[in-house]
Amino acid sequence: MDEWSKAIWIFVELMIASLILVNVVILVRMAGEAGRAQQREIDAVAITKEFRTYFRYEENDKIYPQDIISIIFETRGYPEVWVDTTIGDEDGFNYKWNTSLPSNDTKWDLTNISENILPYKSRYKSTVVKNINGDINRIEFRRIAYGK
């Protein structure tokens, strides 16, 4: 008789252990799903922020020097900012801001940019250049005319 009671207790202990194991597995899966949901929300916020930041530069021909200065200092070289300061269709981007540009370069000097590089009465057309994955590589600005 003693053997039967031991067998029953072993069976009960195995059932309790399996119940605990099943609960642990369920909790781990729930935590994983919660983490994935939170990551989806973070990704959505990042996509919205990127859209708000760069959408106005999609084929816009009403860009002024202050807009270019804003995006230069907001991106700090990534994505790259290329500026063509000569009027015309020629793509001679004579100013490029990217991450390889040293931080002490005069191109990062706000006064130098606003006084020497980008004339305050000029107007630019912008283009956002993306790679095959849809990531933004650079923003190009071509000078098109003088402002009024």
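These legends describe close-up views of a predicted model.

**View 1. A nonpolar patch on the surface includes Val24 of helix α1.**
The patch is formed by Ile8, Trp9, Phe11, Val12, Met15, Ile16, Ile20, Val24 and Val28. Together these residues have about 900 Å² of accessible area. Val24 lies in helix α1, which covers residues 2-54. Its relative accessibility is 42%, so Val24 counts as partly exposed.

**View 2. Glu33, Arg36 and Arg40 are linked in a network of salt bridges.**
Glu33 forms a salt bridge with Arg36, and the closest N and O atoms are 3.3 Å apart. Glu33 also meets Arg40 in a salt bridge, at 3.4 Å from N to O. Glu33 and Arg36 are 3 residues apart in helix α1, so about one helical turn separates them. An α-helix has 3.6 residues a turn, so residues three or four places apart point the same way. Glu33 is partly exposed, at 38% relative accessibility, and Arg36 is partly exposed as well, at 45%.

**View 3. Arg138 and Glu140 meet in a salt bridge.**
The distance from N to O between the two side chains is 2.7 Å. Glu140 has a relative accessible area of 5%; because buried means under 20%, Glu140 counts as buried. Arg138 has a relative accessible area of 22% and is partly exposed. The count for the model comes to 7 salt bridges.

**View 4. Strands β2 and β3 pair in the antiparallel sense.**
The pairing runs over 3 bridges. Val81 has Trp97 of β3 as its bridge partner.

**View 5. Helix α3 has buried residues that line one face.**
In α3, residues 110-117, the buried residues are Asn112, Ile113 and Ile117. Seen down the helix axis, they fall within an arc of 100 degrees, so they line one face of α3. What covers these buried residues includes helix α2 (65-75) and strand β3 (95-97).

Technical notes
Residues numbered from 1 in each chain as written. Predicted model: local features only at pLDDT ≥ 70, side-chain atom pairs only at ≥ 80, totals over all residues. Heavy atoms only, no water. Buried < 20%, exposed > 50% of the residue type's maximum accessible area, 1.4 Å probe, protein only. Helix = DSSP H or I, 4+ residues; strand = E, 2+ residues; numbered from the N terminus. Arc of directions from axis to C-beta. Contact = heavy atoms within 4.5 Å. Pairing = 2+ DSSP bridges. Patch = residues over 30% accessible without salt bridge, like charges linked within 9 Å, V, L, I, M, F, W, Y side chains within 5 Å. Areas by Shrake-Rupley, 256 points an atom, 1.4 Å probe, with all protein chains shown as cover. Salt bridge = Lys/Arg side-chain N within 4 Å of Asp/Glu carboxyl O.
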